[in-house]
Amino acid sequence: MRGATVYAQGRPIDLAIAMQAAEWLTTLMSGVATPAEKTAWQEWRRAHPDHERAWQHIESVSGGLRELDAQASRKALLPAPEARSRPASSLSRRNSLQLLAWISTIGITGWFGARSPYAPDFARAALADLATGVGERRELTLPDGSQLHLNSGSAVNVRFSGTQRLLQLVQGEVFIATAREAGLPYRPFLVETAQGHAQALGTRYSVRQADGSTQVAVEEGAVRLLPRHGDASLVLQAGQGGGMTAQQLLPAHAVSPDIWAWRQGLLLADAMPLRDFLHELSRHRHGLLGCDDAVAALRISGVFPLADLDAVLLSLPNSLPVDVRLRTRYWVQVEARQKR
């Protein structure tokens, strides 16, 4: 990421400084920041004008955490008692990246230089042709008559020309019912991701941009997967799912229609590991949603409404031996149930 640029107050800031601001916010939100750490934070802000600009911006989009004195921190960011014993250093750079991604959902979009190749997906989504926010889904008709469904937190660019119909999936997940074109020349329908292309062969299918891979599931027709840097291709038939990295194809497998329940505002779980379940919920909810390793493998089944995720989370102790800790409104942790 060296040399990448971000923007605050309309002016560029080095990405390293932006990340430092996110790391300071992570530390302060932990609820266990020491007086020395708070002093160091203030000294960092005074050390350079860009430090203060980066802090002011990240503060403004994270809910106005003004001076973050001890009293305000206790009121707004009170952690669970057991968390107070954890050293602030346990909140790693990975946590600050997650926090920065969370803040993006409440207004930081556009801070990162969205045209930079180093910009994260959520920044480039700010300039996408079509996008949905966290918890939002959208259905629309494309210029050729194809139907496009955007899942929560998704963004696409529409690049139709006289020779092809191309969707660039910037982030998230889409479901497409492609329209059949009667005229000539024939224009193939392609979804482009960071890993390659998914070409529709008369199709209803979904494409999901995941960490380092593209996941495709076919409801009707067939889809050809073409990795960006590979020579081979794979055709998925109706009822099959598969994927690819930029270099190789991933094995095909059977998929259940439950995979598309999000189009009806539902999450269907059939003995789903709790960690995977919470990961799916996190795609539709602002903030951080964590799961302790001790309960990650617990299985959960049911039909869950995506419109009321707080109720879903609070119901987990009714069916699983877990406690749900609301550290803040935007920071929830699912842990093993404590003995009472």
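Visitor: What should I keep in mind about the numbering and the model?
Guide: Residues are numbered from 1 along each chain as its sequence is written. The model is predicted, with local features needing pLDDT of at least 70 and side-chain atom pairs counting only at pLDDT 80 or more, while totals for chains, interfaces and linings use all residues; side-chain values use heavy atoms, leaving out hydrogens and water.

Visitor: Why are H7 and H8 called roughly antiparallel?
Guide: Helix H7 (residues 274-282) and helix H8 (residues 309-319) pack at about 165 degrees, their axes 11 Å apart. Angles over 145 degrees count as roughly antiparallel, under 35 as roughly parallel, 65 to 115 as roughly perpendicular and the rest as oblique, so H7 is roughly antiparallel to H8.

Visitor: What makes the contact, taking contact as heavy atoms within 4.5 Å, between H7 and H8?
Guide: From H7 come Leu-274, Phe-277, Leu-278 and Leu-281, and from H8 come Leu-309, Val-312, Leu-313 and Leu-316. By class, that is eight nonpolar, no polar and no charged residues. Ala, Val, Leu, Ile, Met, Phe, Trp, Tyr, Cys and Pro count as nonpolar, Asp, Glu, Lys and Arg as charged, and the others, Gly among them, as polar.

Visitor: Why is His-284 called buried?
Guide: Buried means under 20% relative accessible area, exposed over 50% and partly exposed in between, with a 1.4 Å probe and protein chains only. His-284 has 9%, so His-284 is buried. His-284 lies in the loop between H7 and strand E17 (288-291), and among the residues that His-284 touches are Val-134, Asn-151 and Leu-309.

Visitor: How do you know that Arg-283 and Glu-173 meet in a salt bridge?
Guide: A salt bridge needs a side-chain nitrogen of Lys or Arg within 4 Å of a carboxyl oxygen of Asp or Glu. For Arg-283 and Glu-173 the N to O distance is 2.9 Å, and the pair meets the rule. Arg-283 sits in the loop between H7 and E17, Glu-173 in strand E7 (residues 165-177), 110 residues apart. Arg-283 is buried at 16%, and Glu-173 is buried at 4%.

Visitor: Which salt bridge does Arg-285 make, and is Arg-285 buried or exposed?
Guide: Arg-285 meets Asp-310 at 3.2 Å, N to O. Asp-310 belongs to helix H8, and Arg-285 to the loop between H7 and E17. At 11%, Arg-285 counts as buried, whereas Asp-310, at 44%, is partly exposed.

Notes: Axes are lines fitted to C-alpha atoms, for helices over the stretch in contact, and angles run from 0 to 180 degrees between N-to-C directions. Helices (H or I, at least four residues) and strands (E, at least two) are DSSP runs, numbered from the N terminus. Contact means heavy atoms within 4.5 Å. Lists of a residue's contacts leave out its neighbours within four places in sequence.
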